[in-house]
Amino acid sequence: MKLYELLKGVDVKGEMPQDTEIDLIISDTRIKITGRTLFICLKGARFDSHDSVAQLREQGVSVFVTERDCGVDNQIIVRDTRLALSQIWANSYCSPEREMKFIGVTGTNGKTTTTTLIKETLMALGHKSGLIGTCGNEIGDMKLHAERTTPEPDEFFALLRQMADAGCEYVVMEVSSQGLEQRRLGDVRFETAVFTNLTQDHLDVHGSMENYYQAKKLLFDRCDKALINLDDEYGMRLYGEITCEKHGFSVSDPHAEFSADFIKLHAGGSSYWYSDPKKAYHVDIMLPGGYNVSNTVAVIAALELCGFGAEKTIPILSGLPGVRGRCEVVNTGRDFTVILDYAHTPDALVNILRSVREFAKGRVVCLFGCGGNRDAKKRPLMAEAAARNADFLIITSDNPRDEDPHEIIRQIIKGLDGLKCEYTEIDNRRDAIFWAVRNARPDDVIVLAGKGHEDYQILGNGVKIHFDEREIVKEALDGLDK
């Protein structure tokens, strides 16, 4: 592709070569340079590839995209190389983002459930849609693996091209704070953007809640309509600060533009009355827990903002099952219950445990850990959240990565100081699950928190092993009969 075609829409300072042919687009100094190469220089937290321009030029790079003068004649200076990288990849795939409509969901908790239900409802309405998120990517009914919530630009625009070519009308996606900060979305504009909530997470990346909030807020600079959770403190702040067309939803304030009232919760799901500015509708869903009332209100309201009436979407939503790894009940065939949930933040842990408490007849047992090489500040907060909402804790590992699992557990247990709480600690998560099953009492509800949809565990040096808690629970149950 010609260089000028790749640079369409990129904010270039000064003139640029017009007819240079480009065969390879890269931004990683470790990739072998072959053919006519366009290299985009990025500045990271530990490494700035601008410093490698002279060396890369000797290796044969044809053109550099930089943010500063690097002393070479084959450079194109732009204001933001991360944004330029995304725009270049979009251009390389003939701008697929212009061929579809986008619905984005951001926040700490609820993104996966909300995006999945929106996508499934659109499909049921006859509008082929794509899904991009934590649990995987989907093109219509085809499911694809995902490495991260918001893909890197080369993967992202390749995926969008597949979706557009497959006839997708909508793309429903979870939008991560890192994806927004790193400009991975290029010039994608959202018809509707949803904010679910903001609680402590990813502070290892953002450093503070303020930085985390500001990263999430970037989504609302690129949307036509915003739908904001007014039950959340940061949601209220966001509603007051953004300037695009905005709408609020709530499950605690019946006077909100979109609201839920007369909520009834039970083990098999929930029911409530949903109100928009014109009418109230009865809703019955197969997703338990008060937080899923909030999630489904967001689904119905977001689709209304896209032009799909509640009278059409609610009957579809009522027939949709839960989302894998989100309050997922594992069939034990015993007199106790096991639930898998992705909860890996203090707030998410509170939500799932309180939801379980609403229908549990026996003890609420919570098995959880915290990931290594991630925000260590939330570890004692996780312990406190669990202790205040469960009857017994099994503290174990999650994805320990390069940290000692026992040291992570030691930091978690600090959050139990001054609290009356029964617990045991078992470093090995598989052993912990077996212990939970062997020691279950009649009517117990055992919540395995933190892994959810994941079927792997990450150990030291990035080693990833197969680890599906559904399989492990089954093995543990089989062991009871021996």
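Asp-398 sits in the loop that runs between strand 20 (392–395) and helix 14 (405–413); helices (H or I, at least four residues) and strands (E, at least two) are DSSP runs, numbered from the N terminus. The model is a predicted one, where local features need pLDDT of at least 70, side-chain atom pairs count only at pLDDT 80 or more, and totals for chains, interfaces and linings use all residues. Residues are numbered from 1 along each chain as its sequence is written, and side-chain values use heavy atoms, with hydrogens and water left out.

With 6% relative accessibility, Asp-398 counts as buried (under 20% relative accessible area, with a 1.4 Å probe and protein chains only). Leaving aside residues up to four places away in sequence, Asp-398 touches a set of residues including Arg-429, Gly-450 and Gln-457; touching here means heavy atoms within 4.5 Å.

UniProt, in an unreviewed entry, lists a "binding site" whose residues include Asp-398, Asn-399 and Glu-454, though such annotations may be inferred rather than shown by experiment. Glu-454 turns up in another loop, between strand 22 (445–449) and strand 23 (456–458). Glu-454 is buried too, at 7% relative accessible area. The side chains of Glu-454 and Asn-399 are joined by a polar contact of 3.4 Å (a pair of N or O atoms within 3.5 Å; within protein, one must be able to donate a hydrogen and the other to accept it, and residues adjacent in sequence count only if both atoms are side-chain atoms).

As for cysteines, the structure has zero disulfides, meaning pairs of cysteine sulfur atoms within 2.5 Å. For Cys-244, the nearest cysteine sulfur belongs to Cys-223, 3.7 Å away.

Key:
Buried < 20%, exposed > 50% of the residue type's maximum accessible area, 1.4 Å probe, protein only.
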